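Please keep the 3D view open as you read along.

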Amino acid sequence: MGSEEMKQCLENAGPGKAAILAIGKAFPHQLVMQEFLVDGYFKNTNCDDPDLKQKLTRLCKTTTVKTRYVVMSEEILKKYPELATEGVPTVKQRLDICNSAVTKMAIEASQSCIKKWGRPASDITHLVYVSSSEARMPGGDIYLAKGLGLRPQTRRVMLYFSGCSGGVAGLRVAKDIAENNPGSRVLLATSETTIIGYKPPSAERPYDLVGVALFGDGAGAMIIGSNPTLSLEKPLFELHTSMQHFLPDTEKVIDGRLTEEGISFKLERELPQIIEDNIQDFSTELMGFAGFSEKDYNKLFWAVHPGGPAILNRLEKKLELFPDKLNASRRALADYGNASSNTIVYVLEYMLEEAKNAKKEEEKGDNKWGLILAFGPGITFEGILTKNLTV
């Protein structure tokens with residue numbers, strides 16, 4: 001980091017406030033092109049229902065997803081053909097696959113993040129691990145710590161089954177740890193795979209097809225710490241203020257249950273409407289900590305978990321955002337699908353890329369402050385008021 005960059009970071013960063021110091025990601029090797037998904041899915045599940053096939057074809061177009069990475073493969077289905085069979089108890093097989101897969105991806109994402117950070121893994125003092133794709137004891141945090149060679153004294157926190165809001169929830173927890181433990185460096189890792197809920201198509205569960213058309217696999221990682229050592233570290237986003245709200249009597253809107261056939265998810269159709277009805281008050285309260293009001297939505301950048309295009313469209317319309325405000329979220333959705341807790345990591349990475357390009361083009365604008373938002377089971381709203389320290 002040059003002297004001018006150091007000076008800029010010192011001017012931008014708030015004393016004692018936690019910041020994201022590095023970002024990393026990882027994916028399984030199987031890349032699925034959305035245009036080929038329908039034929040492959042129906043072939044692998046030995047289903048020839050034309051109505052369901054037509055419905056999935058429509059959904060694949062409306063989700064705006066273009067590519068996704070998945071753990072599921074023909075090799076796995078050959079070894080475990082029961083995963084594509086209706087009504088067969090397969091939770092043991094699924095967890096055997098998922099537990100191994102999420103650990104591998106989390107290790108790879110964390111290694112990428114640590115390499116970008118520039119300090120040794122031994123400097124990590126805390127680990128926050130997030131996943132809705134595994135269940136075991138000890139949990140994935142132990143296997144991740146072991147795989148990275150972290151010190152046995154590393155203090156660990158696990159967030160299980162937080163769904164799509166898990167990444168921002170983990171960021172909130174990491175922020176609190178960093179700000180209350182001077183000198184600490186927190187590794188946040190998220191890792192997800194859809195194998196835990198993979199099922200053959202069924203006319204009795206048409207809502208399953210939404211997940212088939214939308215969700216993807218992968219892992220993300222971030223290093224969080226306060227008072228960065230600027231000769232070694234480059235702060236990316238200051239985490240200024242965090243908030244979490246749940247909406248009473250909405251717990252059935254995002255419903256996930258662990259059964260003998262894996263996880264069964266059901267998303268009610270009113271989810272986008274509920275988010276639209278509540279996003280203004282939540283965002284305005286969070287923005288207020290930096291002196292912004294509801295008139296200032298377009299003065300901020302928006303790093304929103306892309307739960308689906310309907311959620312992004314409704315949020316954009318409700319807040320009257322400029323069309324480019326959700327570009328990073330839409331790009332992440334198109335390139336990776338909804339990868340649950342991981343997706344916010346990919347959104348933030350695209351945010352940095354956009355800010356860098358804007359800087360090169362010498363664009364002027366209010367793009368230093370922003371909101372990091374996600375929505376998950378509960379219904380739970382997670383939000384962080386943040387400042388881009390690279391602009």
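Let's begin with a helix pair in this predicted model. Helix α2 (residues 34–44) and helix α3 (residues 50–62) have axes that come within 9 Å and cross at roughly 155°. Since angles over 145 degrees count as roughly antiparallel, α2 and α3 are therefore roughly antiparallel to each other. The crossing in which α2 passes α3 is right-handed. On the α2 side, the contact is made by Gln34, Leu37, Val38, Asp39, Tyr41 and Phe42, and α3 contributes Leu52, Lys53, Leu56, Thr57 and Cys60.

Nine strands form an open sheet with mixed pairing, in the order β5-β4-β6-β7-β1-β8-β13-β12-β11. Its edge strands, β5 (155–160) and β11 (301–304), each pair on one side only. On average, and with direction ignored, neighbouring strands of this sheet are turned by 25° against each other.

Within the sheet, it is worth looking at β6 (residues 185–192) and β7 (residues 218–226), which run antiparallel and are joined by eight bridges. Here, alanine 189 has alanine 221 in β7 standing opposite.

| Helix | Strands | Angle |
|---|---|---|
| α5 (residues 91–117) | lies across β1 (18–26), β4 (126–131), β6 and β7 | about 130° to β1 |
| α6 (residues 140–148) | touches β4, β5 and β6 | about 125° with β4 |

Definitions and conventions:
Residues numbered from 1 in each chain as written. Predicted model: local features only at pLDDT ≥ 70, side-chain atom pairs only at ≥ 80, totals over all residues. Heavy atoms only, no water. Axes fitted to C-alpha atoms, helices over the stretch in contact; angles between N-to-C directions. Helix = DSSP H or I, 4+ residues; strand = E, 2+ residues; numbered from the N terminus. Parallel < 35°, antiparallel > 145°, perpendicular 65-115°, else oblique. Left-handed = near helix turned anticlockwise from the far one by under 90°. Contact = heavy atoms within 4.5 Å. Pairing = 2+ DSSP bridges.
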